[in-house]
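Subject: Structure for you to look at

Hello,

Here is the structure I said I would pass on. Please open it and keep it beside you while you read the notes below.

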Amino acid sequence: MDFDAVVVGGGHAGIEAALALARLDFQTLMVTQNLDTIGKLSCNPAIGGLAKGNMVREIDALGGEMGRLIDRTMIQFRVLNRSRGPAVQAPRAQADKKAYEVAAKRTLERQPGLRVFMDTVVDLLFESTGRGVCGVVTERGKRFTARVVVLTTGTFLNGRIFLGEHVQEAGRMAEPAVRGLERPLSELGFRMSRLKTGTPARVSRGSIDFSQLEEQFGDQEVVPFSFSNRELDRPRLSCYVSFTNERTHRIIADNMHRSPLYSGKIVGNGPRYCPSIEDKVRKFPDRDRHQIFLEPEGMDTEEIYLNGVSSSMPEDVQEAFIRTIPGLEHAEIMRPGYAVEYDYIDPSQLYPTLEAKLAENLFIAGQTNGSSGYEEAAGQGLIAGINAARRLQDAPPFILTRAEAYIGVMVDDLVTLGTKEPYRMFTSRAEHRLVLRHDSSDTRLFDRGYELGLHSQERYEHFRAKREGIAEIKGLLRKRKVTGDDVRAAAEIDADGERRNEGYRRGRGENPAGCAEVLDKLVGKSFYHALKSPSLSITDLARLEPSLRPADATRCHSFGEGRSSGWKHDASSGFLETNGEPLTEWLHQVELDVKYEGYVARQERQLLKFQKIERMKIPRDFDYARVPGLSTEAREKFREIRPASVGQAGRIPGVRNSDVAVLMATIERNRARAEERAELAGPGEQSTRSVTEPAAAAEPATPCAEGGASEEEAAPARSSEEVEPAAGSRDREALREQG
Ligand SMILES: Cc1cc2nc3c(=O)[nH]c(=O)nc-3n(C[C@H](O)[C@H](O)[C@H](O)COP(=O)(O)OP(=O)(O)OC[C@H]3O[C@@H](n4cnc5c(N)ncnc54)[C@H](O)[C@@H]3O)c2cc1C
């Protein structure tokens, strides 16, 4: 084999997949059409947002790259929904697009074990069995063999762009479409269809009258996306707000016949939650205005992105309607808006590992699976890269459940429900969103990333110090009782105006109840209990208890970003070597944990039920024909989707509770029978067995030779989810023992 793995595509999915494979010590080749468009932010110049920001932090906690890339290249930062509950708060950053691409390319180029090559993949190589993929063929006739292939073709598969009457084969404006790959995919039996997405015009900053616009500043306090970064020193640019008006809408309505969207040229479904301005005018005729955000595309460019007027109308129409918008009367379009339509595969043809059911060793991620968004693509790329590596390690699959991560919710939705329109992540898609707060991503996922081998020891020590520091603070809060002296000291605090301002800043509105008044009712209670009071913040308690006062972060050097001096964990205090003072970020996390403890506990009780059926695994070759009592619809759906767990089976549309009950009973019965047999047969026997007794564990495929590849029938991977440590990791075993 030329390589262990080939990753097709240098977009957000490809970047994460290739880095994960190379960082897990596999010789990886990334083949991408154009090295100069690696990591391109083809649409809005921003990373993060509601639920998307959570996924970026989850990617970082698992050892992925997107969080570090945006921390390096952000030009504005905001926490959205700051005035609402933490479960719906999310970080969003404006990115310097060019700087982001350069940082992404450099990270790939400098990654040991990863080679980046410029070409277009137009075909796949198959093992002689015809079931397993073992390489790719490029437009220039190059053949690269590999044991696994990850496909991340974005909007390029049979891409076609639309700009009024102008229609062109392209994946993005001025970037050629990819033709050819659809043939092996459809020959394998993949259901493929068309989707559409669109982008707005970019106008030159110099042609805008900013005096008519409302300026939108970023937050003062920047919370880095990456858990390796402490504080960021990045330039801050503003965004601006304007609105369309009736004149705008009339121009669009009068020219709707020239819209490729409404003239029927475009057949693919577009993103429901990111509609074009044509859609908005057509679907919300009573709205007299639509909000627009003017977003800078970077530090060294005059281009301004018009968020909210995505359009594929002819250029003259775009110019006309844009010039009706206040502040844009003399706008000069630098890049017109356009729409792109492309092929995608129905993702319900993938396992939760994102491996294809129709071809082994083939993993698919990103827009190709019907999702839309950089963050969605990156999350899938990471999962596909990790599982391609697990396949090479012959290790059990890595699957995140809906209770562990937004990435788990996304992948489960895609592979269980499929999608008929571009799938975008929202907090409302997650049943357990209270436990999926963005700031708790590391608590939920860092260990898993470390066990996989995607975190360095240093990074892990940093996380462990934080976890112990937080536990230490909670311990202190539990021990420290409210005293009469505290009430008296609090009266002084109330007397100064600072607390009121702080109350306003933290979105608790004006005049929170007096600190002393609240504490007076809590004398004798623990600080931990007191902190549950909505009128008290950890900052209030820190004014009463010096050891809760945060360290001055500037004295603590961040872990990433080339600042070499690491953190030292003071084993006796559990705090980092900051003279024992905790860090603001830790205190904030403690406050959220304590204040939402009750809700989270209730959600965790619900989770227990969920996890019970989620842990009930179904072998990939389970024979549904031999399960009496299943409805015909359920039997058909189970055969098609091949759910990995009873939990997933229960989420398939059209499956009734009675079907799930029958399935659970059958699997329970099989497990009992298998255990009985194991007892009779003695040690080493597998526990769960399908009705049909599946074959023994997978033999590694023989190297792929043109036309004459391996003879062995590649058996399906084992179904248990327990992650086995990669070879040579010292502490992971220790971690595993800790469970
Ligand atoms: C016009 C437009 C508008 C968009 N609007 C929105 C929006 O409004 N909201 C939103 O959330 N997202 C939007 N997106 C989507 C967003 O850009 C994608 O979701 C995201 O970039 C997907 O990442 P990806 O890695 O899957 O694919 P991409 O970012 O598309 O990257 C794919 C990469 O693979 C390369 N490639 C593809 N096929 C091959 C091949 N066979 N051989 C070699 N290289 C190959 C391509 O050159 C490209 O570099 C838009 C995208 C476009 C193009």
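A cavity here is a set of grid points where a 1.4 Å probe fits but cannot get out, and its lining residues are those with an atom within 4 Å of such a point. Please keep in mind that this is a predicted model.

Cavities

By this rule there are six cavities of 30 Å³ or more. I looked at the second largest cavity, which holds about 60 Å³ of space. Its lining is made of Phe227, Arg230, Asp442, Phe446, His462, Phe463, Lys466, Glu585 and Trp586. Helix 11 (441-452), helix 12 (457-479) and helix 18 (584-595) are the elements that give two or more residues to this lining. Which helix gives the largest share of the lining? That is helix 12, with three residues. By type, the residues lining the second largest cavity are four nonpolar, one polar and four charged.

Helices around helix 10

Helix 10 (residues 406-417) packs with helix 2 (residues 52-62) at an angle of about 105°, and the two axes are 8 Å apart. Angles of 65 to 115 degrees count as roughly perpendicular, so helix 2 is roughly perpendicular to helix 10. On the side of helix 2, the contact is made by Asn54, Met55, Glu58, Ile59 and Leu62; helix 10 supplies Tyr406, Ile407 and Met410. Six of the residues in this contact of helix 2 with helix 10 are nonpolar, one is polar and one is charged.

Helix 10 also meets helix 9 (residues 374-392): their axes come within 10 Å and cross at roughly 85°. Helix 9 and helix 10 are therefore roughly perpendicular to each other as well. Here the contact consists of Glu376, Gly379, Gln380 and Ile383 from helix 9, with Ile407, Met410, Val411 and Leu414 from helix 10. The contact of helix 9 with helix 10 has five nonpolar residues, two polar ones and one charged one. Ile407 and Met410 of helix 10 are named in the contact with helix 2 and again in the contact with helix 9.

Three strands form an open sheet in the order 3-5-4, and the pairing is antiparallel. Why is one side of strand 3 (46-48) and of strand 4 (74-80) left without a neighbour in the sheet? Both strands stand at the edges, and each has a single partner strand, so one side of each has no neighbour there. From one strand to the next, the twist averages 20°. Strand 4 and strand 5 (residues 90-95) run antiparallel and are joined by six bridges. Methionine 74 has alanine 95 in strand 5 as its bridge partner. Helix 2, described above, packs on this sheet and touches strand 3 and strand 5, with its direction at about 75° to that of strand 3.

Another open sheet has six strands in the order 15-16-17-18-14-19, with antiparallel pairing. Its edges are strand 15 (214-216) and strand 19 (333-335); each has a single partner strand, so one side of each is left without a neighbour in the sheet. On average, neighbouring strands of this sheet are turned by 35° against each other, direction ignored. Inside the order, strand 14 (residues 202-204) and strand 18 (residues 303-307) run antiparallel and are joined by three bridges. Valine 203 stands opposite isoleucine 304 in strand 18.

Regards

Notes: Residues are numbered from 1 along each chain as its sequence is written. This is a predicted model: local features need pLDDT of at least 70, side-chain atom pairs count only at pLDDT 80 or more; totals for chains, interfaces and linings use all residues. Side-chain values use heavy atoms; hydrogens and water are left out. Axes are lines fitted to C-alpha atoms, for helices over the stretch in contact, and angles run from 0 to 180 degrees between N-to-C directions. Helices (H or I, at least four residues) and strands (E, at least two) are DSSP runs, numbered from the N terminus. Angles under 35 degrees count as roughly parallel, over 145 as roughly antiparallel, 65 to 115 as roughly perpendicular and the rest as oblique. Contact means heavy atoms within 4.5 Å. Ala, Val, Leu, Ile, Met, Phe, Trp, Tyr, Cys and Pro count as nonpolar, Asp, Glu, Lys and Arg as charged, and the others, Gly among them, as polar. On a 1 Å grid over the protein atoms alone, a cavity is a set of points where a 1.4 Å probe fits but cannot get out, and a pocket is an open set with protein on both sides within 12 Å along at least five of seven lines; lining residues have an atom within 4 Å of a point. Grid points are joined across faces, edges and corners, and a volume is the space filled by probe spheres set on the points. Two strands pair if DSSP finds at least two bridges between them.
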